[in-house]
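Visitor: I have just opened this entry and would like a short tour. Could you walk me through it?

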Amino acid sequence: MRRSLLLIAMAALLLGGCARSDSPPAQQGGIHAVIETTPKQPVAGAETTFRVTVTKQERDEEIAGADVAMYLEMKEMDHGENRVSLNETAEPGVYSGTGTFPMGGIWTAHVRASVAGETRTANVELKVKE
Ligand SMILES: [Cu+2]
């Protein structure tokens with residue numbers, strides 16, 4: 001009896017850790033993302049501006065007209081969903097937006113680009129100053 005309750009509690013914890021159930025399913029890979037930040041090294045708690053260049057992985061071809069968003073996730077800790085919406089700029093394949101990292105350390109930026117109903121992702125590691 002004790003054991004089954006514990007298992008249920010653990011399952012609930014695992015489900016609770018999944019923060020992105022509302023996002024569209026994404027195919028890993030297929031795109032290449034380069035992220036430039038201002039300031040050059042993001043600072044915890046302060047606003048960061050992101051300039052994201054999205055290209056096709058096979059060729060160096062910019063992907064224009066996509067729906068692009070970015071999800072920031074700390075490597076070793078769950079901070080909940082941290083979504084940065086990105087708007088297309090005048091430059092083809094370049095999207096920009098602002099966001100904030102709540103903590104210093106190593107973060108992964110999951111870039112999701114949707115074109116014609118197909119979503120593809122690229123992961124970029126970022127180091128955030130304390
Ligand atoms: Cu953290």
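Predicted model: local features only at pLDDT ≥ 70, side-chain atom pairs only at ≥ 80, totals over all residues.

Visitor: What pattern does the chain follow along the sequence?

Guide: The pattern is α-β-β-β-β-β-β-β-β. That corresponds to 1 helix and 8 strands.

Visitor: And what share of the residues is buried?

Guide: Of the 130 residues in the chain, 21% are buried.

Visitor: Which residues have the most contacts inside the largest nonpolar core?

Guide: They are V52, V54, V68, M70, L86 and V111, in a core of 22 residues. Two or more residues each come from β2, β3, β4 (67–74), β5 (83–88), β7 and β8. The largest share, 5 residues, is given by β4.

Visitor: Let us take V68, then. What is it in contact with, leaving aside neighbours within four places in sequence?

Guide: V68 contacts V52, V54, L86, Y95, V111, R112 and A113. Of these, V52 also stands opposite Y95 in β6.

Visitor: How do β3 and β6 pair?

Guide: β3 and strand β6, residues 94–100, pair in the antiparallel sense over 7 bridges. β6 also runs antiparallel to β5, to which 2 bridges join it. Y95 in β6 is the bridge partner of E88.

Visitor: How many residues lie between β5 and β6 in their hairpin?

Guide: There are 5 residues between them, and G93 in the turn has a positive phi of about 80°. T89 is in this loop between β5 and β6.

Visitor: Why does T89 count as partly exposed?

Guide: T89 counts as partly exposed because it has 13 C-beta neighbours inside 10 Å, and partly exposed residues fall between the limits of 12 or fewer for exposed and 20 or more for buried. Not counting residues up to four places away in sequence, T89 touches V94, Y95 and S96.

Visitor: Turning to contacts in general, what percentage join residues at least 24 apart?

Guide: The figure is 64%, among contacts in the chain between residues at least 6 apart in sequence. For a pair separated along the chain, consider I35 and V111: they are 76 residues apart, and their C-alpha atoms are separated by 9.4 Å.

Visitor: Where is I35 placed?

Guide: I35 is in strand β2, residues 31–38. Beyond its neighbours within four places in sequence, I35 is in contact with F50, V52, A109, V124 and L126. I35 is partly exposed because 18 other C-beta atoms lie within 10 Å.

Visitor: I would also like to ask about the backbone. Which peptide bond is cis?

Guide: The bond from T38 to P39 is cis, with omega near 0°. P39 lies in the loop between β2 and β3 (47–56).

Visitor: And what is the phi of A116?

Guide: A116 has a positive phi of about 50°, although it is not a glycine. Most residues other than glycine have a negative phi, and most peptide bonds are trans. A116 is in the loop between β7 (105–115) and β8 (118–128).

Visitor: Is A116 buried or exposed?

Guide: A116 counts as exposed, because it has 6 C-beta neighbours inside 10 Å.

How values were computed. Residues numbered from 1 in each chain as written. Helix = DSSP H or I, 4+ residues; strand = E, 2+ residues; numbered from the N terminus. Contact = placed C-beta atoms within 7 Å. Core = buried A, V, L, I, M, F, W, Y, C linked by C-beta atoms within 7 Å. Pairing = 2+ DSSP bridges.
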